[in-house]
Amino acid sequence: MTSLGHFNLSETPRTGKTTSRAVPAILAAPGGVLVTSNKRDVVDATRDVREKAGQVWVFDPQGIALEEPTWWWNPLSYVTDEVRAAKMAQHFASGSRDADAKTDSYFDPAGKDLLAGLLLAAALDGRPITDVYTWLTRPADDTAVEILRQHGFPLTADQVAGVIDAPEKQRGGVYGTAQQMASCLTNRQVARWVTPLGGNASDRRPQFSPEAFVREGGTLYSLSKEGQGTAGPLVTALTVAVVEAAEELAARSAGGRLSTPLLGVLDEAANVCRWRDLPNLYSHYGSRGIVLMTILQSWSQGVEVWGESGMRKLWSASNVKVYGGGVSEAGFLEDLSRVIGDYDRLSSSTSSGRGQRTVSQQLHRERILDVADLAALPKGRAVVLSSGSRPTLIRTQPWMTGPHAADVRASIAAHDPQAQHTISEAQHEVAAVEATIGSEARS
């Protein structure tokens, strides 16, 4: 299997993002699979099928799939030094606020630095991550400073101490900013997924290990949604921990690549997994055998998270791009129309005079698909842009028409509280697509 970066973009609901892209990709994956989403549908449809390939883990701190915390993951197991602490703090900063929220040029970076220092101190001392928030509510507590000094991080200790010793208003602003970034830790439901129950010794639940996961395979579903109490920062942190563990395993493998690729399906990535460094790493991970599929609703949604240049970098680094219709952003559609290209249309005209009839032929260059065509792309159709190939208009193949259809229906029936309705809707979706394509053929 060739390692490629995939990018899927379609805005209107029921354009097949889940049924025709996410679910079939998950079912066809030869190795481990990592999935992020803000809905339970992809979990219900694929978990029993994927269980045949290895252990299934569902990280559901907000109760989206009503999953109980029968296992837990310690985010601080990722924090082994100051660099990883800074990355973790960035995930909290990006995921705890609206994508287009304005930030303060002083307090925002200072808050991230403080949060990073406290995360590192908690990790070094073997504390639960919730202790970090406790420290943030006690600006005069210098416990973290002492821990950092004892473990050989004097400059990070000085950084935290500098905030503690700052003037009261300045200190209050920095601590308040860091508190807002780490606010998801105050949710008791979230805490049960990332802290040991009753202490490390008494918690009998298995602890998730990203390193073991990428070695052994299986499937990890990470769910969260926007709004109050979002677990988005933790979903992003878990995603990055797994991908970086896969990168480390690839570095020790033949050719610097995973022998069996890891698939990452980042559904609703701009809402669920605001990974700031993703555009810079996309092509690199492809070369490591880590196949990332990013699914967004629109171009502007990605711009809110990664900026215009970051979004263009992400788009350009993707070996396979899929546009599934429903987008009404004229600028993006105009660019896509130009990339799809033009065709030469041969037209004939006839003129008569002085008893003679003259036929002339002319070439007219026209767009293959103009902006209006792309905006009105019917259901069941998608435009695929693949490196080294001409753009192609395809008919999508939802899971309902694939080889795993019966197994997917059984999985939905076993887990979806509205299984009958979900399966009925899927059948109606296939019927609607077939009707649309049938009318195209007749016309």
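**Basis of the entries.** I worked from a predicted model, in which local features need pLDDT of at least 70 and side-chain atom pairs count only at pLDDT 80 or more, while totals for chains, interfaces and linings use all residues. Residues are numbered from 1 along each chain as its sequence is written, and side-chain values use heavy atoms, with hydrogens and water left out.

**Overall.** I counted 18 helices and 11 strands in the chain; helices (H or I, at least four residues) and strands (E, at least two) are DSSP runs numbered from the N terminus. Along the principal axes, the C-alpha atoms fill a box of roughly 105 × 50 × 45 Å. Of the 443 residues, 50% count as buried, where buried means under 20% relative accessible area, exposed over 50% and partly exposed in between (1.4 Å probe, protein chains only). I then took the contacts (heavy atoms within 4.5 Å). Among those with a separation of 6 or more, 73% join residues 24 or more positions apart.

**Helices α4 and α7.** I noted that α4 (residues 107-124) and α7 (residues 154-164) pack at about 125°, with axes 9 Å apart. The axes are lines fitted to C-alpha atoms, for helices over the stretch in contact, and angles run from 0 to 180 degrees between N-to-C directions. The two helices are therefore oblique to each other, since angles under 35 degrees count as roughly parallel, over 145 as roughly antiparallel, 65 to 115 as roughly perpendicular and the rest as oblique. On the α4 side I listed Asp 113, Leu 114, Gly 117, Leu 118 and Leu 120, which meet Thr 156, Gln 159, Val 160 and Val 163 of α7.

**Nonpolar cores.** I used sets of buried Ala, Val, Leu, Ile, Met, Phe, Trp, Tyr and Cys residues joined through side-chain atoms within 4.5 Å. The largest core has 95 residues, and Leu 115 and Leu 220 have the most contacts inside it. Helix α11 (residues 232-251) supplies the largest share of this core, 12 residues. A second, separate core of 32 residues includes Ala 22, Trp 399, Ile 412 and Ala 419. Leaving out residues up to four places away in sequence, I found Leu 115 touching Ala 89, Phe 92, Val 132, Leu 136, Ala 178, Met 181 and Ala 182.

**Helix α2.** Why is α2 (residues 41-50) largely enclosed by the rest of the structure? Eight of its 10 residues are buried, so the rest of the structure largely encloses this helix. The buried residues include Asp 44, Arg 47 and Arg 50. Among the elements covering them I recorded α1 (17-28), β2 (33-37), β4 (219-223) and α17 (405-415).

**Gly 264.** This residue is found in strand β5 (residues 262-267) and is buried at 2% relative accessibility. Gly 264 touches Leu 34, Val 291, Leu 292 and Met 293, not counting residues up to four places away in sequence.

**Cysteines.** How many disulfides does a search of the whole structure find? I found zero, taking a disulfide as a pair of cysteine sulfur atoms within 2.5 Å. The sulfur of Cys 184 has its closest cysteine sulfur in Cys 273, 14 Å away and too far for a bond. Cys 184 is buried at 4% relative accessibility, and Cys 273 is buried at 1%.
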